[in-house]
Every structure is written in structure tokens, then in C-alpha cells.
Amino acid sequence: MNTLALVVPCFNEQDVIAMFYDEVSKVTSSLSAEYSTEIVFVDDGSSDNTLKLIKDLALRDPMVKYISFSRNFGKEAAMLAGMNYAVKADFIGIMDADLQHSPDLIPQMLDYVTAGGYDVAAARRSDRDGENKFKSFLSQSFYKVINKISDTKISESAQDFRIMKSSVVKAILTMPEKIRFSKGIFSWVGFNVKWIDHANRERAAGQTKWSVSKLMKYAVDGILGFTSFPLRISFFVSALFTFCSLVGLIYALIRNIINSDYICSMPLTLAAIFFVGAGICVSLGILGEYISRVYTEVKDRPEYVIAQTNTRNKFYGTEGAE
């Protein structure tokens, strides 16, 4: 019998945990003849009753596993922890607890990665109905930018919702970076991917945890993690300022030759200084972003720390069971 592990990152999802479990259980019960299934909840340092509700489910259902972090480490760390635990399963799925990822797609995804000859079956939204317009604009702009400047192409409207063969997850886990951008990593490792388009679903309950500032930070991590193009920008900016300085110098020399009384005005001088200064700051800022990531990587701190779990597999973080 094949094994299926569904990794579910959770952060303050007490309003949807029960609904999510009920919907997923209906689907997995229909697969019970072919698959032994585990639901691996990864509690990302929730401050509400999320962990308590998951523990209650684990007491009732042995297929429910949980990993609870010592604090909030972010969704990327939660997905990594789940994959580290679930890598021995034949098939590993990732989905959100808010039911924006429809559990009804799981059987179809499994068909593609078993009989369909694909290594990954992944979901992407066919529309953005119900989503904040400004966030939609930022998201669409991000995909256009990163696909222009990066060699790693990311499908527009791609979601983390996917089912992968164990071999794919093992390849993902060989990538040791601390600042992770999973959508880029999923694309970088390659493999044969089947995309499934589906209509956008609103959250079943609760509030989204993705603010505009978090989305912007996530986008920056993605761009800096998968392209060195911004470093070239600093070179182009420096070249532009050098060219402008030469043009200004030549202009001033010609004016002095034509009119010996000509003196460059103070506003023009200040503008030139500010112009060059801004370029230097931009270049240093870009370099600083990359250096800060190098600093984070060389410290080699763990991506997460596990405080509680009912699993006994050896993986990053603190082992234990409660």
C-alpha cells in the first residue's frame, strides 16, 4: 500500500482546523483502500488554540501528526519541517489549512503522479476573484518581474498546493539555504509537473496572515534568492552616473571656453551631488541585501526549533513527543 503524507502549515488557524480536518478526512477515507494517509499539521508558533485543537484531533485519529515550533518561524520553515518528517512517504502533499486549497483535488493529483507519469501535480489559480485588488496587482507584477530577470521560471498564480513523489522532496531537501523561497525551489529542481487550474476559493474562516508588507518581503526574498540581476543594476547605475558626470564636465569645459565668465550655478552643483549620492546609496543598498543573506547563511542556524511533536522521526530541531 502506498503512503501519503499531507503537510499542513498552521498559524493561528483555530477557526478552520476542524473544518479542514473534516473535509480532508472525507477525501482520504475514499482513498483508504489504496493509500495509508497521515495529516501532518505544523504549528508555526500559534498564539491561539490551534495546537490544542490539533492535539485533540491526534487523540481521536492516529493518522493526525503534529509538529509545533517554539515560536513563529514562518510558513517556509513550516513546510520544510513537514517535508523533513514526511520524506519517507511515497507521496508528499502540501496544502494550507484555510481551505483555499480544495481537498477535492487530491485524488486527481494522485492520479497524475501515479498513472499519469508526472512527478508533481500542482495547483494554480485560474482567477483572483475575491482577492484584494492591490495584492493581486503586486502578485502579478512580481511574477512578471522575476520571470524577466531570473533563469528560474515560476508559473504565474502558482500555489504551494501540490502532491510530489518522494524523489522530488528529497531533491528539494538537498537545497540548504536558510532564506527559502519555495516557489522558486520547486521550479528550480525541475521534474515533470502537471499544472491543475482551479477557481480561486476564499478562506473558510478567519483572516489572512499575509499583509502587504509580508508579501513584499517574500517577493524580495524570491528575487534576491533566484537572480543576481539587481547586482548588475548597481553596475548600470554606476555607469550611468559616470557618463552623466563626463557629459557635465565636457559641457562645463565648453561653456568656459565659449564664455570665460561662466560659472556653474550652485543649484546645478547640488543636484549633481545628490544625483551621484543617490546612485551610490542604491548600489550600496543592493549589495547590502545580498551581503545580509550571506551573513544569515554562514551563521548556519536551524530554520526552526521544535517544541512539541507526536512524531519520533529524526529531523531538524528538538526531538520529543507529547
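This note sets out numbered points on the predicted model shown above.

1. Basis of the model. Residues are numbered from 1 along each chain as its sequence is written. The model is predicted, with local features needing pLDDT of at least 70 and side-chain atom pairs counting only at pLDDT 80 or more, while totals for chains, interfaces and linings use all residues; side-chain values use heavy atoms, with hydrogens and water left out.

2. Overall fold. The protein chain has 10 helices and 8 strands (DSSP runs numbered from the N terminus: helices are H or I of at least four residues, strands are E of at least two). Of its 322 residues, 44% are buried (buried is under 20% relative accessible area, exposed is over 50%, and partly exposed lies in between, with a 1.4 Å probe and protein chains only). Taking contacts (heavy atoms within 4.5 Å) between residues at least 6 apart in sequence, 80% join residues at least 24 apart.

3. Surface. The protein chain exposes about 16,800 Å², and carbon and sulfur atoms supply 59% of that area (Shrake-Rupley method with a 1.4 Å probe; for residues, only the protein chains shown count as cover). A nonpolar patch on the surface is formed by Val-276, Ile-280, Leu-284, Leu-287 and Ile-291, with about 440 Å² of accessible area together. Patches consist of residues with over 30% relative accessible area and no salt bridge; like charges are joined within 9 Å, and nonpolar side chains (Val, Leu, Ile, Met, Phe, Trp, Tyr) within 5 Å. A salt bridge is a side-chain nitrogen of Lys or Arg within 4 Å of a carboxyl oxygen of Asp or Glu. Ile-280 belongs to helix α10 (residues 266–299) and is partly exposed, at a relative accessible area of 46%.

4. Ile-94. This residue lies in strand β4 (residues 91–94). Ile-94 counts as buried because its relative accessibility is 0%. Leaving aside neighbours within four places in sequence, Ile-94 is in contact with several residues, including Val-7, Met-79, Asp-160 and Phe-186. Arg-162 is also among these contacts; Ile-94 and Arg-162 are 68 residues apart in sequence, yet 5.5 Å apart from C-alpha to C-alpha.

5. Aromatic pairs. There are 5 aromatic pairs in the structure (rings of Phe, Tyr and Trp, the last by its six-membered ring, pair if their centres lie within 6.5 Å; planes under 30 degrees apart are stacked, over 60 edge-to-face and the rest tilted). Phe-20 and Phe-41 form an edge-to-face pair, with 5.9 Å between centres and 70 degrees between planes. Phe-20 lies in helix α1 (residues 17–30) and Phe-41 in strand β2 (residues 35–43), so the pair ties together parts that are 21 residues apart in sequence. Both Phe-20 and Phe-41 are buried.

6. Phe-69 is buried, at 3% relative accessibility, whereas Phe-73 is partly exposed, at 21%. Ring pairs link these two residues and Tyr-304 into a cluster. The charged end of Arg-71 sits over the ring of Phe-73, 3.8 Å from its centre (NZ of Lys or CZ of Arg within 6 Å of the ring centre and within 35 degrees of the ring normal).

7. Positive phi values. Most residues other than glycine have a negative phi. Asn-12 has a positive phi near 55 degrees; Asn-12 is in the loop between β1 (2–10) and α1. Leu-99 has a positive phi near 70 degrees and is in the loop between β4 and α4 (106–114). Asn-12 is partly exposed, at 21% relative accessibility, while Leu-99 is buried, at 2%.
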